[in-house]
Amino acid sequence: MQTATPAVRKAPRPRADALRNRERIVTAAREMFVEHGPDVPLDEIARRAGVGNATVYRNFPDRDALVREVVCSVMDRTVAAAELALAQTGDAFEALERFVHAAADERISALCPMVQSTFDQHHPDLEASRERCESLIAAIMDRAKAAGQLRSDVDVGDVMIAAAQLSRPPAGTGCDLADRYVHRHLQLFLDGLRAPARSALPGTALTMEDLRKA
């Protein structure tokens with residue numbers, strides 16, 4: 001007599017309300033990390049998200065897990081903005097512009113430094129998001145150079161560093177004032193990336209490998 005093989009049960013999919021709660025926690029955490037830094041109390045994040053403390057800990061067992069999710073989600077949304085622009089227009093330089101402006105809106109310059117100080121920089125989730133981001137921007141820049149849109153003496157590291165620096169308010173300056181002008185200044189930078197180049201840049205193009213070695 002043959003023994004019936006037990007049916008394999010699929011893991012239950014998260015309920016829609018559970019997914020919404022998780023998204024609300026990540027959104028609230030992103031806002032509060034930008035405003036107060038990574039040490040903001042988790043109960044304050046729960047309060048802004050409109051959920052209980054237990055819901056936060058059920059989704060994120062510790063602060064590192066929450067910070068990591070915030071940084072990964074921000075990078076993923078920024079990449080998605082560039083992918084959408086490329087799919088809609090086929091214009092590589094426009095996709096690069098969309099990426100830079102989306103990065104400012106997502107406050108990447110404020111969030112990514114937390115990776116340096118709060119947890120394992122080599123966590124698989126973080127490395128996957130970082131690799132996807134860097135690979136896409138490198139491909140977009142190569143495509144823009146091939147089309148004669150982007151000057152040839154710049155690399156991904158140049159774009160990342162300049163966008164981060166221009167997205168941060170100067171010392172002693174209120175964030176509201178910086179936010180009002182950030183996209184204006186980023187567009188000035190982006191216009192300077194267009195080919196043909198109007199001047200020779202000092203030094204050499206900055207790659208992501210150069211940044212990792214620094």
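Predicted model: local features only at pLDDT ≥ 70, side-chain atom pairs only at ≥ 80, totals over all residues.
Now let's look at helix α4, residues 63-89. Does the length make sense, or which numbers would we compare? Well, at 1.5 Å a residue, its 27 residues should span 39 Å, and the end C-alpha atoms are 40 Å apart, so that agrees. At the start of α4, Asp62 has a side-chain oxygen that comes within 3.3 Å of the backbone nitrogen of Asp64. At the other end, α4 is followed by Gly90, and the phi of Gly90 is positive, near 70°.

What does α4 pack against? One partner is helix α1, residues 16-36: the angle is about 90° and the axes are 10 Å apart. Anything from 65 to 115 degrees counts as roughly perpendicular, so that is what we call α1 relative to α4. On the α1 side the contact is made by Arg22, Ile25, Val26, Ala29, Arg30 and Phe33. From α4 come Arg63, Leu66, Val67, Glu69, Val70, Ser73, Val74 and Arg77. Sort the residues of that contact by type and you get 8 nonpolar, 1 polar and 5 charged. If you're wondering about the spacing in those lists, an α-helix has 3.6 residues a turn, so residues three or four places apart point the same way.

Staying in α4, have a look at Thr78. Buried or exposed? Its relative accessible area is 0%, and the cut-off for buried is under 20%, so Thr78 is buried. Leaving aside neighbours within four places in sequence, Thr78 is in contact with Phe99, Ala102, Ala103, Glu106 and Ile108.

Last stop: Gln187, over in helix α10, residues 175-193. With a relative accessible area of 25%, Gln187 is partly exposed. Which residues does Gln187 touch, not counting those up to four places away in sequence? Those are Glu97 and His101. With His101 there's also a polar contact, side chain to side chain, at 2.9 Å. And the C-alpha atom of Gln187 is separated by 9.0 Å from that of Val100, though the two residues are 87 apart along the chain.

Note on methods. Residues numbered from 1 in each chain as written. Heavy atoms only, no water. Helix = DSSP H or I, 4+ residues; strand = E, 2+ residues; numbered from the N terminus. Expected span 1.5 Å × (residues − 1). Polar contact = N/O pair within 3.5 Å; in protein donor to acceptor, adjacent residues only side chain to side chain. Axes fitted to C-alpha atoms, helices over the stretch in contact; angles between N-to-C directions. Parallel < 35°, antiparallel > 145°, perpendicular 65-115°, else oblique. Contact = heavy atoms within 4.5 Å. Nonpolar A, V, L, I, M, F, W, Y, C, P; charged D, E, K, R; others polar. Buried < 20%, exposed > 50% of the residue type's maximum accessible area, 1.4 Å probe, protein only.
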